[in-house]
Amino acid sequence: MSLKPAGLDAVVVGAGPNGLSAAITLARAGLKVRVIEAHHQPGGGLSSRQWEGFTFDTGSAIHPLGYASPVWQQWPLHAFGLDWVRSPAPYAHLWWDGRALPLPQDLDAAAAVLGPDGARWRALFGPLVAQQGNLLEDTLRPLLRLPRHPLTLARFGVPALLPAPLTASLLFQTAEARALWAGLAAHVNLPMMTPGVGAATLMLGTAAHAGGWPFPRGGAQALADALAEYFRWLGGEIQLDTRVQSRADLPQARAVLVDSSPAVARQLLSRSTPGYDAWLSRFRYGLGAVKVDYALSGPVPWLDPAAAQAATLHIGGSLQQIEQAERGAAQGQLSQQPYLLAAQHTLFDLSRAPQGGHTFWVYAHAPADTGADYADTIEAALERLAPGFRARILHRHVTTPRQLETFSPVFGGGDVNGGRFDLTGLLARPVPTPTPYRTPDPQVYLCSSATPPGGGVHGMCGYHAAQAVLSDFSSQ
Ligand SMILES: Cc1cc2nc3c(=O)[nH]c(=O)nc-3n(C[C@H](O)[C@H](O)[C@H](O)COP(=O)(O)OP(=O)(O)OC[C@H]3O[C@@H](n4cnc5c(N)ncnc54)[C@H](O)[C@@H]3O)c2cc1C
């Protein structure tokens with residue numbers, strides 16, 4: 001690709017959802033921006049790859065916060081090919097006896113499914129769904145800023161701060177509602193007693209009943225491509241197949257935004273302070289993921305056909321079973337009945353597989369150095385819930401936690417959230433300031449999910465980092 005001569009306002013290192021979001025925010029403000037990406041395509045954890053006509057999502061599969069993202073909702077991504085797909089139920093919970101409970105998006109319908117706990121579920125999520133815009137405004141940004149909607153945040157804050165199993169036991173009386181809560185909480189790759197885990201539980205639960213848990217037709221790459229094409233349309237440049245290792249690899253620009261790990265950002269600083277370095281050295285990752293992508297000759301033959309009503313599945317049984325499996329994983333004791341997060345896109349999006357074929361995306365939490373053989377445990381668990389699953393496998397691709405980290409340094413130790421979601425990870429990501437995107441080097445900003453609001457595809461880390469750049473430029 002031929003690049004225009006430099007004279008750039010900003011360079012963004014990394015074309016993940018946050019790098020692209022930062023780049024677009026700056027380009028929309030009229031700045032000249034170039035994105036430099038190590039891989040052959042943009043997207044990072046929001047990308048897909050092909051095998052014999054099957055489309056596998058390399059990282060993220062389901063995008064509740066991508067759909068709800070306050071900035072992406074304002075951008076014309078549909079004009080650049082984005083089309084959201086929804087399943088009848090946002091997610092379903094599976095027990096080890098094969099039972100499946102799909103939870104409807106509509107809150108009244110969900111309350112009816114939950115029986116004695118239905119009224120509690122509706123009372124908890126109803127106000128948050130009604131106020132989702134305000135809630136996201138205050139939570140998808142650094143929490144060390146004054147809230148704009150303190151009442152909504154207070155309603156959110158109490159269950160968000162309590163340990164998830166305690167909240168479940170206090171709020172709900174049925175094993176079903178408690179298990180559903182645990183299934184949401186276990187998206188956070190930490191033992192469920194960890195304070196802070198409840199925040200993601202509430203956000204995801206609210207999103208399910210607000211806009212659902214949709215995914216881009218054709219693959220996660222379609223969302224990354226829509227962002228990239230919009231950026232190019234705004235005049236931006238993307239340079240692919242280029243890994244940045246030092247400042248010398250970068251063209252001249254007034255600002256550098258780093259969509260990578262704090263460690264990579266540190267290498268690109270021309271100056272630092274002992275205090276900043278100390279915070280970076282304390283930056284911690286959660287559990288990694290062992291991920292398996294399957295190409296199948298047919299749909300997954302679930303014991304309970306209700307499992308086919310949702311694109312996202314939480315497999316793991318009761319609250320206690322999920323809590324134990326996640327605690328064991330954190331202690332290096334991997335369960336034969338792990339908590340599995342799975343996605344079955346092709347039941348709702350035929351474009352992702354040749355006729356009759358299906359894909360299945362699944363991962364389990366595991367320590368960073370777990371090997372590919374853990375995929376056999378995952379597969380045995382699936383075979384138990386869907387006898388005949390193995391016989392439908394045409395192809396399987398396993399990714400270990402270390403391979404995820406090699407794919408993008410953001411996923412340190414295979415942590416899909418790019419840093420722990422505990423209280424420190426919520427408040428000091430990676431430093432405890434209201435604008436943690438700034439670094440001691442006035443030219444360099446961190447914009448990955450190692451900054452607030454953290455992991456998940458929503459682009460808000462990049463957006464806020466770009467706002468910091470624009471604010472600094474305007475005062476120069
Ligand atoms: C297995 C898995 C499953 C997930 N599931 C979901 C899900 O279902 N829903 C959801 O919302 N989120 C999910 N996530 C999380 C989500 O993908 C991440 O939170 C998100 O991608 C983070 O975006 P980012 O831009 O900060 O980093 P990344 O997506 O990692 O992007 C960083 C980009 O920068 C590039 N880069 C880094 N360093 C350099 C360098 N030195 N030079 C050049 N390029 C560089 C990388 O190649 C990469 O393309 C999942 C992640 C994984 C790994």
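This is a predicted model: local features need pLDDT of at least 70, side-chain atom pairs count only at pLDDT 80 or more; totals for chains, interfaces and linings use all residues.
## Parallel sheet

An open sheet is built from 5 strands in the order β9-β2-β1-β10-β16, with parallel pairing. Its edge strands are β9 (237-239) and β16 (444-446), each of which pairs on one side only. From one strand to the next, the twist averages 20°.

At the β9 end of this order, β9 pairs with strand β2 (residues 33-36) in the parallel sense over 3 bridges. Within this pairing, Glu237 in β9 is the bridge partner of Arg34.

## Helices on the sheet

Helix α1 (residues 17-28) packs on the sheet and touches β1 (8-13), β2, β9 and β10 (253-258). The direction of α1 makes about 170° with that of β2.

Helix α10 lies across β2 and β9. The angle between α10 and β9 is about 125°.

## Salt bridges between separate elements

The structure holds 23 salt bridges. One of them joins Asp83 and Arg217, whose closest N and O atoms are 2.7 Å apart. Asp83 has a relative accessibility of 33% and counts as partly exposed. Arg217 is also partly exposed, at 38% relative accessible area.

Arg266 and Asp277 form another salt bridge through their side chains, with an N to O distance of 2.7 Å. Arg266 belongs to helix α11 (residues 262-267) and Asp277 to helix α12 (residues 274-281), so the pair ties together parts 11 residues apart in sequence. Arg266 is partly exposed, with a relative accessible area of 30%. Asp277 counts as partly exposed, at 28% relative accessibility.

## A further pair and a network

Asp97 and Arg99 also form a salt bridge, and their closest N and O atoms are 3.5 Å apart. With a relative accessible area of 53%, Asp97 is exposed, because the cut-off for exposed is over 50%. Arg99 has a relative accessible area of 36% and is partly exposed.

Salt bridges also occur as a network, which links Asp376, Glu379, Arg390 and Arg396.

Key:
Residues are numbered from 1 along each chain as its sequence is written. Side-chain values use heavy atoms; hydrogens and water are left out. A salt bridge is a side-chain nitrogen of Lys or Arg within 4 Å of a carboxyl oxygen of Asp or Glu. Buried means under 20% relative accessible area, exposed over 50%, partly exposed in between (1.4 Å probe, protein chains only). Helices (H or I, at least four residues) and strands (E, at least two) are DSSP runs, numbered from the N terminus. Two strands pair if DSSP finds at least two bridges between them. Axes are lines fitted to C-alpha atoms, for helices over the stretch in contact, and angles run from 0 to 180 degrees between N-to-C directions. Contact means heavy atoms within 4.5 Å.
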